[in-house]
Amino acid sequence: MVPDSPPLILALTGASGSLYSLSLARKILQRDIPLHLLISDTAAEILRKETGRRLDDWVGELTSMGKVMVDDIRNLGASVSSGSYLTRGMIVAPCSMGTLGRIAAGVSGNLIERAADVCLKERRKLILLARETPLSAIHLENMLRISHAGGIIMPPVPALYAAPASIGEMVDFTAERVMDLMELPSPEAYRWDGGGWSGDD
């Protein structure tokens with residue numbers, strides 16, 4: 001473990017895309033970064049439906065890889081609710097439109113929303129993997145408000161130019177792009193080298 005390494009917050013909300021959190025959590029811990037996990041009840045249900053994995057089993061696996069703290073999202077007095085508690089920032093993956101809208105409005109009804117609010121006010125990285133399509137004008141306006149406040153809206157759009165051979169490779173590519181934005185790049189990540197195009201624009 002890197003001495004005094006600030007933790008990173010990873011939140012899961014009630015939207016499809018739990019595979020992104022599985023990949024991100026693994027990559028964060030592989031970099032010896034302590035991890036705060038914030039998980040909504042609906043997110044735990046979606047994790048089981050999409051991956052067949054129980055939340056406790058997944059958390060147990062992560063705990064064997066590094067330092068993992070699972071915070072009760074009903075506890076607004078938790079460490080990550082205060083700006084005096086230093087973190088590297090926060091990733092919400094997947095981020096539901098309900099959570100995104102409350103973050104945009106500055107509403108802190110649970111610890112996920114409060115921790116995101118703290119990241120914005122402290123000018124720390126906040127990356128939201130927004131999961132919805134199509135997007136309404138309300139969704140777009142909320143995304144713009146967060147972007148103006150310093151957050152990063154990153155819908156998990158597959159990068160087909162990387163020629164992924166599986167869903168796992170598509171997920172991992174997006175996760176590595178998130179790690180780039182968190183300034184934790186991997187030398188093994190796929191990088192476009194400018195070649196490979198042919199034909200007309």
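Guide: Happy to. Helices (H or I, at least four residues) and strands (E, at least two) are DSSP runs, numbered from the N terminus. Arg123, for instance, falls in the loop between α5 (111-121) and β5. Before we go on: this is a predicted model, where local features need pLDDT of at least 70, side-chain atom pairs count only at pLDDT 80 or more, and totals for chains, interfaces and linings use all residues. Residues are numbered from 1 along each chain as its sequence is written, and side-chain values use heavy atoms, with hydrogens and water left out.

Visitor: How many helices and strands does the protein have?

Guide: There are 7 helices and 6 strands. Along the principal axes, the C-alpha atoms fill a box of roughly 60 × 40 × 35 Å.

Visitor: What share of the residues is buried?

Guide: First, the cut-offs: buried means under 20% relative accessible area, exposed over 50%, and partly exposed in between (1.4 Å probe, protein chains only). Here, buried residues are 46% of the 201. As for surface, the protein exposes about 10,200 Å², with carbon and sulfur atoms supplying 52% of it. These areas come from the Shrake-Rupley method with a 1.4 Å probe, and for residues only the protein chains shown count as cover.

Visitor: And how do I read contacts?

Guide: A contact means heavy atoms within 4.5 Å. Among contacts with a separation of 6 or more, 81% are accounted for by residues 24 or more positions apart. Take Ser23, in helix α1 (residues 18-30). Leaving aside neighbours within four places in sequence, Ser23 is in contact with Val171, Asp172 and Ala175. Ser23 counts as buried, at 2% relative accessibility.

Visitor: Which residues does Pro164 touch?

Guide: Not counting residues up to four places away in sequence, Pro164 touches Ala159, Glu169 and Met170. You'll find Pro164 in the loop between β6 (152-153) and α7, and with a relative accessible area of 26% it is partly exposed. Pro164 and Ser40 are 124 residues apart in sequence, and their C-alpha atoms are 30 Å apart in space.

Visitor: How many disulfides does the structure hold?

Guide: The general idea comes first. A disulfide is a covalent bond between the sulfur atoms of two cysteines. The test used here is a pair of cysteine sulfur atoms within 2.5 Å. The structure holds 0 disulfides. For Cys95, the nearest cysteine sulfur is that of Cys119, 13 Å away. Cys119 is in no disulfide either. Cys95 is buried at 0% relative accessible area, and Cys119 is buried at 1%.

Visitor: Where are the cis peptide bonds?

Guide: Look at two prolines. The bond from Ala93 to Pro94 is cis, with omega near -5°, and Pro94 sits in strand β4 (residues 89-95). The bond from Thr133 to Pro134 is also cis, with omega near -10°. Pro134 belongs to the loop between β5 (125-130) and α6 (137-148).

Visitor: Is Gly52 buried or exposed?

Guide: Gly52 is exposed, with a relative accessible area of 62%. Look for Gly52 in the loop between α2 (41-51) and α3 (55-63). From Gly52 to Cys95 is 43 residues along the chain, and their C-alpha atoms are separated by 20 Å.

Visitor: How far apart are the mean positions of the positive and negative charges?

Guide: For the 20 positive and 24 negative charges, the mean positions are 5 Å apart. Lys and Arg count as positive and Asp and Glu as negative, while His and the chain ends are not counted. Each charge is placed at NZ of Lys, CZ of Arg, CG of Asp or CD of Glu.
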